[in-house]
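Here is a short briefing on one structure. Look through the sequence and the model first, then read the points by topic.

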Amino acid sequence: MKDRIIVALDTDSPEAALATVKALSGEVGIFKVGMELFPRGGPELVRRIREAGFDVFLDLKFHDIPNTVAGAVRSAAALGVRFATVHASGGRAMLAAAAESARGTGTTILAVTVLTSLDDADLADVGFSLVSSEAVARLADLAVSCGVKGIVCSAKEVEAVRARVGKGVTLVTPGVRMPGDAVGDQKRVVTPADAIRNGADYLVVGRPITTAADPAAAARAIAASMRT
Ligand code: C5P
């Protein structure tokens with residue numbers, strides 16, 4: 001189960017990120033490097049995390065014209081990252097270009113459907129006529145039909161998305177909390193055990209591990225709870 005935990009390195013300090021990586025040696029499988037950390041740590045940080053024996057999830061959420069996203073995915077794959085994200089709303093040609101660029105590499109593209117920070121009124125503001133649950137379903141179907149092999153979805157959506165896309169698609173789920181954990185700015189959380197039961201393949205966990213007094217012990221407790 002520990003290999004199914006992805007720890008989000010949400011910091012602007014490559015040194016702090018590497019200290020977290022070191023503290024979690026042997027305890028988790030993957031580290032997520034996103035748009036706060038990557039502009040500071042760059043490819044060198046990705047290399048160092050990989051040299052420490054972990055996979056990297058590069059969460060830069062590409063959303064551009066197909067030719068540009070194809071190149072971005074090629075560059076990400078050349079770094080040897082395990083996962084890289086694109087926005088499903090980039091459309092059919094962009095999703096197909098991303099999937100094609102990743103083909104034959106060790107990198108799996110994950111499509112982000114609807115950001116959980118957007119509610120139905122926000123979607124209407126940007127011209128989406130569907131409510132968020134319908135938009136998630138539609139974008140997940142679109143991504144999979146374009147050859148994308150993974151989806152990022154909230155822990156609350158994972159059951160519905162799994163029912164649509166079947167077994168062959170990798171589902172990655174943030175927004176998990178152990179019973180009694182601080183929820184922080186996450187509004188809709190589920191436990192690691194429920195997320196796995198509902199069909200998640202990987203869980204993205206940030207603060208419950210990175211801000212724990214003993215991050216390794218926190219990661220072990222989450223892995224143990226996922227088995228139940
Ligand atoms: O600290 P916490 O466990 O809340 O961190 C969750 C991670 O997952 C963060 O990196 C956050 O950006 C990401 N995420 C999320 N909700 C989404 C998509 C991504 O919390 N819907």
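Leaving aside its neighbours within four places in sequence, which residues is Ser225 in contact with? They are Met178, Pro192 and Ala193. This is a predicted model.

**Ser225**
- Ser225 belongs to helix α10, which spans residues 215-226.
- Its relative accessible area is 16%. The cut-off for buried is under 20%, so Ser225 counts as buried.

**Val148**
- Val148 sits in the loop between α6 and β6 (150-152).
- With a relative accessible area of 2%, Val148 is buried.
- Beyond its neighbours within four places in sequence, Val148 is in contact with Leu95, Ala99, Ile109, Ala111 and Ala143.
- Val148 and Ala88 are 60 residues apart along the chain, and 9.4 Å separates their C-alpha atoms.

**Nonpolar cores**
- The largest nonpolar core holds 66 residues. Ile5, Phe31, Ile49, Val86, Leu95, Ile151 and Ile209 have the most contacts inside it.
- Helix α6 (residues 132-145) gives this core its largest share, 6 residues.
- Ile151 is in contact with Leu110, Ala111, Thr113, Ala140, Ala143, Val144, Val161, Val169, Thr170, Leu171 and Val172, leaving aside neighbours within four places in sequence.

**Aromatic residues**
- The count of aromatic pairs comes to 3.
- One of them joins Phe57 and Phe83 edge-to-face, at 5.9 Å centre to centre and with 70° between the planes.
- That pair links distant parts of the chain: Phe57 is in strand β3 (residues 55-62), Phe83 is in strand β4 (residues 83-87), and they are 26 residues apart.
- Phe57 is buried at 2% relative accessibility. Phe83 is buried at 0%.
- Phe83 also pairs edge-to-face with Tyr202, at 5.3 Å centre to centre and 75° between the planes.
- This pair, too, links distant parts of the chain: Phe83 in strand β4 and Tyr202 in strand β8 (residues 202-205) are 119 residues apart.
- Both Phe83 and Tyr202 are buried.
- Phe57, Phe83 and Tyr202 form one aromatic cluster.

**Charges over rings**
- The charged end of Lys32 sits over the ring of Phe57, 6.0 Å from the ring centre.
- Arg82 lies over the face of Phe83, 4.6 Å from the ring centre.

**Ligand site**
- Which residues surround the ligand? They are Ala8, Asp10, Lys32, Thr116, Pro174, Arg177, Gln186, Val204, Val205, Gly206, Arg207 and Pro208.
- Lys32 places a polar side-chain atom 3.0 Å from an oxygen atom of the ligand. Its charged end is also the one over the Phe57 ring.
- Thr116 has a side-chain N or O atom 2.7 Å from a nitrogen atom of the ligand.
- Gly206 contributes a polar backbone atom, 2.8 Å from an oxygen atom of the ligand.

Terms used
Residues numbered from 1 in each chain as written. Predicted model: local features only at pLDDT ≥ 70, side-chain atom pairs only at ≥ 80, totals over all residues. Heavy atoms only, no water. Helix = DSSP H or I, 4+ residues; strand = E, 2+ residues; numbered from the N terminus. Buried < 20%, exposed > 50% of the residue type's maximum accessible area, 1.4 Å probe, protein only. Contact = heavy atoms within 4.5 Å. Core = buried A, V, L, I, M, F, W, Y, C linked by side-chain atoms within 4.5 Å. Phe/Tyr/Trp six-rings, centres within 6.5 Å; stacked < 30°, edge-to-face > 60°. Lys NZ or Arg CZ within 6 Å of the ring centre and 35° of its normal. Near = heavy atom within 4 Å. Polar contact = N/O pair within 3.5 Å; in protein donor to acceptor, adjacent residues only side chain to side chain.
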